[in-house]
Structures are given as C-alpha cells and as structure tokens.
Amino acid sequence: MMLKALCLGLLCVIFVSHFYTPMPDNIEESWKIMALDAIAKTCTFTAMCFENMGIMRYEEFISMIFRLDYTQPVSDEYITVTDTTFVDIPVRLYLPRRKSETRRRAVIYFHGGGFCFGSSKQRAFDFLNRWTANTLDAVVVGVDYRLAPQHHFPAQFEDGLAAVKFFLLEKILTKYGVDPTRICISGDSSGGNLATAVTQQVQNDAEIKHKIKMQVLLYPGLQITDSYLPSHRENEHGIVLTRDVAIKLVSLYFTKDEALPRAMRRNQHMPLESRHLFKFVNWSILLPEKYRKDYVYTEPILGGLSYSLPGLTDSRALPLLANDSQLQNLPLTYILTCQHDVLRDDGLMYVTRLRNVGVQVVHDHIEDGIHGALSYMTSPFYLRLGLRIRDMYVSWLDKNL
C-alpha cells in the first residue's frame with residue numbers, strides 16, 4: 001500500500017512539474033486557464049509519445065481531438081447556415097434571414113490552428129461567425145483551406161486566395177446581396193497569417209476589380225524568419241502555445257523533414273541568400289521599446305539547414321517579409337495582440353511596418369491576453385477573455401465596416 005502511494009505521489013510530482021506553467025499575476029480566471037493549459041500540454045505530450053512509439057504522428061492525434069469539436073451547419077430563426085464550396089474549397093456560409101433594403105456587409109474569416117488543425121466547423125469558430133453575422137446583419141464566410149502536413153505551402157494560401165477571388169466576383173456578390181465596398185478579411189493565429197497574405201495579394205493585383213475595405217488580424221503569426229524574438233523568449237514555455245509547439249506546427253506547414261524544426265530551435269534555418277530580408281523583421285528597430293526590454297538583438301545564423309525551402313523567403317507564407325511597396329496599398333487594419341503569447345511580437349512589428357508606410361492601423365493590446373483565447377468561447381471551456389476579444393472584434397467591425 002505504501003509503495004502504491006509512493007508511486008502515485010511520484011507520478012503526481014512528475015505530472016505537475018512537466019505540465020504546470022506559472023500564471024502571470026494579471027491573468028483573469030487563472031485556475032481555469034491553468035487547467036486548459038494543462039489539458040493542452042497533456043495532449044501535446046501524449047501526441048509526442050505516440051509519435052515516438054510509432055503509433056501515429058503528432059498531428060494525426062491532435063487532429064482527431066479537434067474533429068470531436070466539429071459542428072453541423074445548424075440554421076436558426078436569424079441566420080441560415082450552409083456548408084458549400086467556392087471553386088471546390090469548402091466554406092461555411094452564414095446568411096441573415098431578415099430582409100434588407102440595402103446590400104449587406106461581408107466578412108471572410110480564416111480560422112486558426114497552426115496550419116495543421118481546425119475548421120470553420122469548430123464549435124468556437126461557428127459560434128464566432130454566427131455571432132458576427134447576427135450582430136452585424138452581415139454575410140460571413142468561414143473558409144476551410146487545406147491543412148498541413150497532407151498539404152504543404154502554398155496550398156493553404158492558394159485556397160484562401162481562390163475563395164476570396166470567387167466571393168469578389170460581381171455575380172457572387174449580387175447573389176448574396178453583398179456591398180462590394182464593405183468587405184473585410186479576418187483571421188486569428190495562422191488564420192491571421194492567411195488573412196494578411198491574401199489581403200496583400202488582393203490589394204496589389206490590378207486584375208481584381210473589387211478590393212477589401214479592411215483587414216482584421218487577431219494575434220497573428222506573420223513570420224518565422226527570426227525564431228528568437230523577445231516574445232519567443234518570454235513565452236518559451238507559455239500558456240497553451242509554447243515555442244516548441246509553434247515551431248513544430250510552422251515547420252509542418254513547409255515540410256515533414258525534422259531537420260527544419262531542429263534548425264529553427266537554434267534560429268539557424270534561414271538560407272544564406274535571405275540576409276536582405278532581416279530588415280523586415282528586425283525587432284530591435286520595429287518593436288516598441290516597452291517590449292524590447294533589455295534583450296540584445298543578434299542576427300540569426302544563416303545556412304544552418306542543409307537545403308533551401310523557397311517558402312522561407314516567400315511573403316505569401318511569411319507576410320511580414322513583404323516589402324514596403326506591397327504594404328502601401330493595404331486597407332484600414334485592425335490588429336489585436338496578447339501579452340502572454342509567443343506570437344505577440346509578429347503583430348507588434350506589423351503595426352510598426354504598416355504605420356511606417358502610411359497605412360491606417362488600429363491596435364489593441366490585451367495585457368492579460370493569451371494565445372488562442374477565441375477558441376475558448378463555448379461551454380465547457382469558455383473564458384471571459386475569449387468573450388471579451390469577441391466583443392472587441394465585432395464592435396470594431398460594426399463601427400468601421
């Protein structure tokens with residue numbers, strides 16, 4: 001009996017030491033976030049164990065968990081919800097039922113999930129897009145782009161761009177009663193990356209007649225050119241999303257080869273010919289002093305990867321690498337960043353770069369925010385933080401779109 005108790009005690013100590021993350025003092029609902037963080041890290045640990053044992057790959061296990069949260073397209077008295085396709089790309093469409101004397105606003109939303117997981121069918125994203133459509137009396141489109149690692153870059157970007165270009169066709173806008181001058185592209189996390197890249201492409205493509213009125217980027221991941229920013233160091237073992245997990249997911253966006261994440265952890269993954277790109281992600285210049293703190297900037301070592309991946313220097317994959325001329329044509333932009341987020345500095349640097357070229361930017365920074373908060377808006381895992389970010393997002397859209 002004593003031996004069993006001792007073994008149980010040791011297991012508890014190991015569990016706590018492995019999964020426990022100290023909560024910052026300003027975190028709201030800290031015990032709930034601690035529990036969610038422990039669940040996320042337990043799932044990651046289990047997935048890695050299964051991968052190391054050859055049972056299944058990491059992303060297959062996590063995807064299986066995500067799919068348990070998918071919903072059916074259920075309409076209600078206010079919104080008609082349908083799953084359909086835009087040029088063979090699955091989308092979930094939300095159409096207000098009430099009659100409108102004028103054409104409606106529209107929002108195209110790209111879900112997060114590290115390019116590998118998730119869907120517009122997830123409970124939280126279905127809730128968010130339904131709420132947006134109802135509150136704004138707007139047409140909302142949730143895009144289900146192809147996922148890595150079954151499909152590597154540029155598949156996700158190509159799907160997103162194709163869906164947006166299809167929606168912007170005059171006959172489609174007329175079909176859904178959309179005002180072509182009041183369209184927004186939004187996204188969170190990796191979806192924020194796709195929203196950014198697609199908006200850059202649409203606004204700079206002379207052949208696309210209708211342009212985007214605004215873009216909304218919610219704690220977006222916009223680069224991995226420098227994988228050791230201050231936010232990477234501060235949140236290396238961060239809440240929900242750690243630096244290692246972020247590197248693993250973005251690596252799978254490009255390749256299954258384990259050499260890439262190993263090089264990324266050392267910040268030695270960029271090719272020799274990429275030196276000219278570091279001015280676009282130089283945090284010692286682009287980050288506000290408050291976030292630079294006392295960290296010392298060191299340019300990453302180049303050529304640590306034995307082969308070159310074109311995607312690592314492509315602004316369609318890493319939109320913070322876009323040059324200034326590509327940024328000048330961008331629309332009104334809303335960017336939301338979270339303090340306790342490994343991706344925090346990507347959004348902060350993009351704010352600076354857009355303002356430097358004259359783009360109008362509204363920036364909200366959530367001092368008690370964590371990555372992926374919008375994923376926690378529905379029972380049993382809802383957070384007041386997630387609902388607060390939802391309200392900030394929809395309220396801003398209502399005033400500006």
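1. E5, H7 and E6 make a right-handed β-α-β unit. Right-handed means that, with the strands pointing away from the viewer, the path from the first strand over the helix to the second runs clockwise. Helices (H or I, at least four residues) and strands (E, at least two) are DSSP runs, numbered from the N terminus.

2. On the basis of the model: it is predicted, so local features need pLDDT of at least 70 and side-chain atom pairs pLDDT 80 or more, while totals for chains, interfaces and linings use all residues. Residues are numbered from 1 along each chain as its sequence is written, and side-chain values use heavy atoms, leaving out hydrogens and water.

3. The sheet is open and mixed, with eight strands in the order E1-E2-E4-E3-E5-E6-E7-E8. Pairing requires at least two DSSP bridges between two strands. Strand E1 (79–86) and strand E8 (361–370) are the edges, each pairing on one side only. From one strand to the next, the twist averages 20 degrees.

4. Look at Ile-108. Its bridge partner in E4 is Val-141, and in E5 it is Ile-185. E3 (residues 104–110) runs parallel to E4 (residues 139–143), with five bridges. E3 also runs parallel to E5, with six bridges.

5. E5 is mostly covered: nine of its 11 residues are buried. Buried means under 20% relative accessible area, exposed over 50%, partly exposed in between (1.4 Å probe, protein chains only). Five bridges link E5 to E6, again in parallel. Cys-184 stands opposite Met-214 in E6.

6. Two helices deserve a look. H5 (residues 155–167) lies across E1, E2 (89–96), E3, E4 and E5 (178–188), at about 170 degrees to E3. H7 (residues 190–204) packs on the sheet and touches E3, E5 and E6 (214–218); its direction makes about 140 degrees with that of E5. Contact is heavy atoms within 4.5 Å. Angles run from 0 to 180 degrees between N-to-C directions, with axes fitted to C-alpha atoms, for helices over the stretch in contact.

7. H14 (residues 344–356) has 13 residues and reaches 19 Å from first to last C-alpha, close to the expected 18 Å. That expectation is 1.5 Å times one less than the number of residues. H14 is largely enclosed by the rest of the structure, because 11 of its 13 residues are buried. Among them are Arg-344, Asp-345, Tyr-350 and Leu-354. Just after H14, Gly-358 takes a positive phi of about 90 degrees.
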